[in-house]
Amino acid sequence: NPWDVMLCVSGTAIACENALVVAIICYSPALRTPMFVLVGSLATADLLAGLGLILNFVFQYVIRSETVSLLTVGFLVASFAASVSSLLAITVDRYLSLYNALTYYSERTVLCIHTMLAGAWGVSLCLGLLPVLGWNCLHDHAACSVVRPLTKSNVTLLSASFFLIFLIMLHLYIEICKIVCRHAHQIALQQHFLTASHYVATKKGVSTLAIILGTFGASWLPFAIYCVVGDPDYPSVYTYATLLPATYNSMINPIIYAYRNQEIQRSMWVLFCGCFQAKVSFRSRSPSDV
């Protein structure tokens, strides 16, 4: 099936991209701040999702087993759920870094980040275990969804969870835009005018937020909607055509959240060539930088 080959290729690219991010964060002691912990969580989830796509292809064509199929599907559900949950955690972190800028760099923030990640991974693991523990349609094909062997109620739960996360992220990014615009207005009042650099920076920040949320929605919304309205009797090409773009989100995440960050760029220079020159300047970024 060429669609399965495309998913496997996508999984390989996802795994390679995110493995590099995980290696950089683990290699660099300087990347131990809450912001990079969240980026590392996202990269780890996407790495597992990429490996899951590869394993799904191997087991589908090499080892045919209902048990292995359930384990692979559960692994994929948990990985992608952890990826989406990590994106939500990053959004919350960006909002808090702007809303509570004075108290952000405190022990309370570190505890909050670790609590968010523990909750996100715990919920994701539970969602992945549901089909393995019996919530599947292996013995009741009438209950199957467009994603076999998941049941219709199972994919409805997953889709509803995604819609909720998407709405929360949308609300938080709107609030972030308001804070950014308000800061720019306050600077303008203090300086009696809004400089071109402030205007450009504000416009760039808002545009980047729109790109982040737009990419996330464009990747996952078609698949989430099809899981709700689709019927298992529909041609499987519809499922593949909506699932494949969803995997691209895990391919784009490292570019948006990791490779654009100058601290990670510097760590890449040190990791690969060891020829980083001190005269090259890098500006330290805060979590609110987008």
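One cut-off to keep in mind on the way: a residue is buried under 20% relative accessible area, exposed over 50%, and partly exposed in between. Remember too that this is a predicted model.

Start with Lys-178 and Glu-175 in helix H5 (residues 152-191). Show their side chains and you'll find a salt bridge, 3.7 Å from N to O. Why can these two pair up along the helix? They sit three residues apart, so about one helical turn separates them. Lys-178 has 47% relative accessibility, which falls between the two cut-offs, so it counts as partly exposed. Glu-175, at 22%, is partly exposed as well.

Next, jump to helix H8 (residues 262-272) and select Glu-263 and Arg-266. These two are also three residues apart, about one turn of the helix. Their salt bridge has its closest N and O atoms 2.4 Å apart. Buried or exposed, what is Glu-263? It's buried, at 11% relative accessible area, while Arg-266 is partly exposed at 27%. That's it for this kind of contact: a search of the whole structure turns up two salt bridges.

Now for the sulfurs. Select Cys-137 and Cys-144, whose sulfur atoms lie 2.0 Å apart in a disulfide. The torsion about their S-S bond is about 95 degrees, so the disulfide is right-handed. Cys-137 is buried at 2% relative accessibility, and Cys-144 is buried with 2% too. The whole-structure search finds one disulfide.

Note on methods:
Residues numbered from 1 in each chain as written. Predicted model: local features only at pLDDT ≥ 70, side-chain atom pairs only at ≥ 80, totals over all residues. Heavy atoms only, no water. Salt bridge = Lys/Arg side-chain N within 4 Å of Asp/Glu carboxyl O. Helix = DSSP H or I, 4+ residues; strand = E, 2+ residues; numbered from the N terminus. Buried < 20%, exposed > 50% of the residue type's maximum accessible area, 1.4 Å probe, protein only. Disulfide = S-S within 2.5 Å.
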